[in-house]
Amino acid sequence: MRTDDLHLHVRGESTYVDDLPSPAGCLVALPVGSPEAHGRITKLDVGGALGGSEVVTVLTAADIPGQNQIGAIIQDEPLLAAEEVHHVGQPVALVLAESLAAARAARKQVVLEIDPLPAVLDPREAAAQGQLLQPARTFAIGDVDAAWESCAVVAEGRVETGAQEHFYLETQSALAVPQEDRTLLVHSSTQGPTAVQKAVSLALDVPMHAVEVDVRRLGGAFGGKEDQATPWACLAALGADHTRRPVRLVLDRADDVVMTGKRHPYSSDFRIGLDGDGKVLAYEVTYYQNAGAAADLSTAILERSLFHSTGSYHVPNVKATAFSCRTNITPNTAFRGFGGPQAMFVIEAALEKGARALGKPLHQVQRANLLNEGDVFPYGMHTEDCKAIRCWEEADAVFGFADLTAAAARHNAAHAGTKKGVAVMPVCFGISFTNTALNQARALVHVYHDGSVNVSTGAVEMGQGVNRKMRSIVAGVFGIDTGRIRLDTTNTGRVANTSPTAASTGSDLNGAAAKLAAEMVCARLLQVAAKKLDADTGELAIAGGIVVRDGAPTELGWDELVQAAYWSRTDLSAHAHFATPDLHFDKTSEKGRPFAYHVYGTAVTEVTVDCLRGTYRVDAVRLVHDLGRSIDLATDRGQIEGGLVQGIGWLTLEESDHDSEGRLRHDTASKYKVPDFDSVPNVMDVRLLEDPNGRAVLGSKAVGEPPFMYGIGAWFALWDALRAAKPDLNAVHTAPLTPERMLLLLAGEED
Ligand code: LUZ
Ligand code: MOS
């Protein structure tokens with residue numbers, strides 16, 4: 001029997017929230033969003049909408065029985081706006097109707113009048129006005145101010161990185177079904193079932209035990225459903241609680257794009273100082289994060305930017321300052337990398353400018369500064385089992401950076417119409433939630449007395465393959481075929497107090513908990529086996545579905561053993577908890593050991609630019625990735641290739657911006673370019689450094705986010721090609737480097 005969902009995906013049989021059959025009497029909910037970026041609500045009249053046929057009711061802030069507040073870190077975001085609106089698309093009311101068509105018609109009849117207030121869209125402007133989510137944070141080590149004078153060169157510059165739309169195929173969805181006694185079952189497309197459970201309980205003023213959140217799988221998330229699945233589940237729950245009828249809320253693509261946040265755009269200033277050998281002596285950086293109209297996860301994202309300010313490099317004197325700036329755009333949120341990519345792009349830009357000032361090749365300067373074993377990060381943690389240099393050296397040995405650079409130079413000398421560029425991109429990414437308390441997980445393992453196994457964890461399957469890994473881990477403990485094991489839904493009734501499946505930690509945390517729970521049941525089974533075989537438990541194990549004694553198979557098979565255990569009244573279920581050891585961080589000194597370990601890697605990217613058209617191709621990305629011992633190689637390769645392509649998209653194609661009124665310029669797939677099959681590099685050569693990791697389950701390493709940042713290499717390879725065409729170019733490091741911007745730069749129209 002097949003127990004993963006790949007065969008369901010290819011047959012289109014996997015169920016998502018919107019595929020769940022409608023329970024009897026199910027209503028459709030549709031949010032009404034603000035048309036203005038900032039203003040005072042002077043009139044909200046739902047009377048016209050209520051007159052429509054099939055319209056059941058229209059709810060506003062006044063109908064919320066509990067808190068009108070969904071902010072998880074900072075309580076600054078209403079579920080439904082009551083007096084003021086702070087961004088276009090901010091929900092102000094909820095239409096409940098018998099059909100989607102009726103809900104759409106009714107939404108047009110809601111009268112919403114807003115007295116506009118000035119909208120701030122730019123993070124530097126917000127900072128100048130004191131619109132900050134929290135006081136500035138600074139990570140510092142050494143003495144930058146004293147270091148400048150010992151530098152051979154000092155370079156300064158400004159860096160802009162853009163937003164990124166998650167574009168998960170499944171839009172935000174929830175189905176809330178009222179149960180007896182004012183309890184609720186909520187199906188939600190969320191990475192954080194407990195976050196949804198808690199927010200619903202606060203909005204409805206019921207205890208958490210009255211809210212059961214169930215998640216089968218998500219059709220993609222990428223961070224977009226870590227925090228921002230919550231409002232839609234709360235609104236569906238509000239409708240269900242109010243009407244005592246089931247309520248389905250599925251955003252259409254246009255609403256989803258306008259009403260949900262993106263990756264944070266950052267505007268940054270850097271100053272870097274190098275000695276004559278290209279060693280970085282000092283680095284000073286200031287980040288202005290465009291948080292949007294409410295905090296959401298912005299302050300945590302800002303923290304991860306600070307942790308990644310020096311990328312893969314050791315810098316002795318650092319001062320990194322970060323501002324989380326409140327503006328009037330949709331609150332931005334988690335997105336693969338969580339602020340890390342933004343900071344890593346800045347240090348790469350700084351090295352590029354510094355290398356140029358020194359007249360040395362960029363990759364030589366990068367190599368000279370790579371992290372070594374025992375080096376200290378600005379946040380006080382030292383590298384352990386550091387793979388930065390090993391990945392770089394292996395990539396250089398296999399792919400030959402000098403040869404690739406020389407080949408590009410030969411091409412460029414011989415061709416005026418096209419230019420080739422090459423860039424090396426080293427990655428170092430810290431694994432663990434930076435909020436230490438979140439680094440815990442639970443699992444529940446049931447062995448049924450027919451020998452089949454049911455596993456529940458706090459991990460949410462979002463296409464990343466976490467369920468395959470859980471299954472493989474449990475099968476390994478029991479010594480049985482993976483086909484005997486099924487992963488159940490992620491459900492707050494079976495596994496409580498889940499951390500979101502995020503920060504690349506899903507498999508590390510939940511896999512460790514699942515392993516512990518399976519080991520508890522396995523130990524009990526071996527006691528039963530020992531009795532039956534008149535053996536010592538120490539001599540016994542299960543392998544290939546059979547009890548083995550001192551390595552030799554016995555007569556006792558798994559099914560028979562499980563039945564014997566049941567009939568002798570043995571507990572065949574176990575719940576276990578795992579918390580990552582040795583983590584601590586002190587926010588006063590900004591020092592500690594926030595990460596269990598780091599993931600390393602090095603990619604080399606080659607591109608060709610058409611100098612007449614500004615168009616380009618990513619010819620090849622070749623990389624060496626620090627994977628640890630893989631639990632599921634195909635899944636890990638998928639994460640590496642997918643992350644890389646998503647990173648290339650962020651830096652080269654995906655342009656998300658607003659007009660001067662704060663309205664998004666795109667709300668459809670035709671106006672926003674996500675990477676497609678054509679954007680995939682012609683060559684993707686992924687080599688793995690497979691070295692067991694002592695700090696995660698079965699020697700594995702987290703793989704979800706780190707590969708995203710290889711995509712930064714595509715930007716610098718394009719920049720390299722651009723410089724071959726325009727050696728005197730002195731433009732701002734701005735991403736994405738779209739074909740349009742490339743053309744303007746080639747034509748000397750943009751700076
Ligand atoms: N989510 C979160 C994350 O809440 N904390 C983190 O540190 C994090 N890091 C990466 C992605 N999501
Ligand atoms: Mo995240 S960016 O939800 O791991």
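The model on screen is a predicted one. Val153 is found in strand β8. Val153 and Ala103 are 50 residues apart in sequence, and their C-alpha atoms are 63 Å apart in space.

**Stop 1: the second largest pocket**

Stay with β8, which runs over residues 153-161. This strand gives three residues to the lining of the second largest pocket, the largest share of that lining. Select β13 (266-274) as well: β8 and β13 each supply at least two of the lining residues. The pocket has a volume of about 620 Å³. To find its centre, select Glu160, Gly162, Pro265, Ser656 and Asp657, which are the closest to the centre of the 24 residues that line the second largest pocket. If you colour the lining by residue class, expect nine nonpolar, eight polar and seven charged residues.

**Stop 2: two arginines over rings**

Select Arg263 and Trp650. Arg263 lies over the face of Trp650, 4.9 Å from the ring centre. Then move to Arg217 and Tyr16. Here the charged end of Arg217 sits over the Tyr16 ring, at 5.8 Å from the ring's centre.

**Stop 3: a sheet of three strands**

Show β2, β4 and β6 as a cartoon. The three strands form an open sheet with antiparallel pairing, in the order β4-β2-β6. Which strands are the edge strands? They are β4 (84-85) and β6 (111-116), each of which pairs on one side only. Strand β2 covers residues 39-45 and is joined to β4 by two bridges, the two strands running antiparallel. To see one bridge, select Arg40 and its partner in β4, Glu84.

**Stop 4: Phe335 and Phe708**

Next come the aromatic rings. How many aromatic pairs does a search of the whole structure find? It finds 19. Select Phe335 and Phe708 as one of them: their rings form a tilted pair, 6.4 Å centre to centre, with 50° between the planes. Phe335 is in the loop between β15 (317-326) and α10 (340-358), and Phe708 is in the loop between β29 (683-689) and α18 (712-725), so this pair ties together parts that are 373 residues apart in sequence. Is Phe335 buried or exposed? Its relative accessibility is 2%, so Phe335 counts as buried. Phe708 is also buried, with a relative accessible area of 1%.

**Stop 5**

Select Tyr379 and Phe595. This aromatic pair is edge-to-face, with 5.8 Å between the centres and 85° between the planes. Why does the pair tie together parts that are 216 residues apart in sequence? Because Tyr379 lies in the loop between α11 (362-368) and α12 (388-399), while Phe595 lies in the loop between β26 (591-593) and β27 (597-610). Colour the two by accessibility: Tyr379 is buried at a relative accessible area of 1%, and Phe595 counts as buried at 0%.

Methods: Residues numbered from 1 in each chain as written. Chains lettered and ligands numbered in written order. Predicted model: local features only at pLDDT ≥ 70, side-chain atom pairs only at ≥ 80, totals over all residues. Heavy atoms only, no water. Phe/Tyr/Trp six-rings, centres within 6.5 Å; stacked < 30°, edge-to-face > 60°. Helix = DSSP H or I, 4+ residues; strand = E, 2+ residues; numbered from the N terminus. Buried < 20%, exposed > 50% of the residue type's maximum accessible area, 1.4 Å probe, protein only. Lys NZ or Arg CZ within 6 Å of the ring centre and 35° of its normal. Pairing = 2+ DSSP bridges. 1 Å grid on protein atoms, 1.4 Å probe; cavity = no way out; pocket = protein on both sides within 12 Å on 5 of 7 lines; lining within 4 Å. Points joined across faces, edges and corners; volume = space filled by probe spheres on them. Nonpolar A, V, L, I, M, F, W, Y, C, P; charged D, E, K, R; others polar.
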